[in-house]
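Good morning, and thank you for joining this group meeting.

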Amino acid sequence: VERHLNKEVAKRNMDFEKLLSCCWADMNPKDEALVTLPTLKELVDFKRGNATKTGAKEGGADGGGAADVGAEDKPKQKVVTATVSGAWMSGNTYSDVQGVPHPSDGDLFLFAVHDDGHTKMVGIKMVGMMDDYTRVDGRNHTNSLEPIDAGSIGATWDNAPNQNVGDNEYMVTEIVMKDVNEKEEDKDSVKLKTAVQARFQ
């Protein structure tokens, strides 16, 4: 790849900024160039073969049939983080606590910490944008470090013996929401940028 890039840069008289703005499609080697670059040709042929297989799978054996759902078509999942503090947090402030969705309600995010030997939780209902949320409750297990991982948090929340803990006692602030499953940058473009940066270092 680097050898091919060096040739293209020299032929097109490109500077660093212009090269960084290119995508792989702009620099994709033509078939005649691949004759002198056997290793690169093997990589290109391999990628084309995989693309053909993927197309056949999406179109079905006869080219008809429904296409598989791509990653960009899947529903986006929300990742929410927040700061947990409050009068009953033993004077501690916990930053970047990830809210874990309740298994039976994907819009209910549970922010849980182990604080001073206790399990303390706040449930926040998140609907739409991050400024559209409602505090549901604060709960705890005193003198017990209950599991707060994604597979267990639902039961830990549902079975909490102490509920109705107020907002001043368990406070959730600085809520940040982002979507995952966003389309990743083209891997070929990443390779191109890596090779470009190596060339100009």
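**Side-chain pairs in a predicted model**

D167 is partly exposed, with a relative accessible area of 39%.

Let me first describe the chain as a whole. The protein chain holds seven helices and six strands. Read from the N terminus, the order of the elements is α-α-α-α-α-β-β-β-β-β-α-β-α. The chain has 201 residues, and 31% of them count as buried. Its accessible surface is about 12,600 Å², and carbon and sulfur atoms account for 50% of that area. If we take the contacts between residues at least 6 apart in sequence, 56% of them join residues at least 24 apart.

How confident is the predictor in this chain, as judged by the average pLDDT? The average is 75, and 51% of the residues score at least 70. Among the elements, α6 has the highest mean pLDDT, at 97, while helix α7, residues 187-200, has the lowest, at 48. Two stretches deserve a word of caution. Over residues 182-187 the pLDDT stays under 50, and the model has three contacts beyond four places in sequence for them. Over residues 189-193 the pLDDT also stays under 50, and there the model has ten such contacts.

I now turn to the charged pairs. Side chains of opposite charge can pair when their charged atoms come close. How many salt bridges does the model have? The count comes to four, and I shall present some of them.

D105 lies in strand β3, residues 105-115, and K125 lies in strand β4, residues 118-126, so that the pair links parts of the chain 20 residues apart. D105 counts as partly exposed because its relative accessibility is 22%. K125 is likewise partly exposed, at 28%.

Another salt bridge brings us back to D167, whose side chain meets that of R135 at 3.4 Å, N to O. R135 sits in strand β5, residues 133-141, whereas D167 sits in the loop between α6 (153-158) and β6 (171-180); the two are 32 residues apart. With a relative accessibility of 26%, R135 is partly exposed, and D167 is partly exposed as well, at 39%.

A further salt bridge connects R139 and D137, at 3.0 Å from N to O. Are these two residues buried or exposed? Both R139 and D137 are buried.

Finally, let us consider the aromatic rings. The model has one aromatic pair. The ring centres of W88 and Y170 are 6.5 Å apart and their planes stand at 80°, so the pair is edge-to-face. This pair also links distant parts of the chain: W88 is in the loop between β1 (77-85) and β2 (94-102), and Y170 is in the loop between α6 and β6, 82 residues apart.

Why does Y170 count as buried? Its relative accessibility is 1%, and buried means under 20%. W88, in turn, counts as partly exposed because its relative accessibility is 47%.

Thank you for your attention.

Definitions and conventions:
Residues are numbered from 1 along each chain as its sequence is written. Side-chain values use heavy atoms; hydrogens and water are left out. Helices (H or I, at least four residues) and strands (E, at least two) are DSSP runs, numbered from the N terminus. Buried means under 20% relative accessible area, exposed over 50%, partly exposed in between (1.4 Å probe, protein chains only). Rings of Phe, Tyr and Trp (its six-membered ring) pair if their centres lie within 6.5 Å; planes under 30 degrees apart count as stacked, over 60 as edge-to-face and the rest as tilted. Contact means heavy atoms within 4.5 Å. Accessible areas come from the Shrake-Rupley method with a 1.4 Å probe; for residues, only the protein chains shown count as cover. pLDDT is the predictor's confidence in each residue, from 0 to 100.
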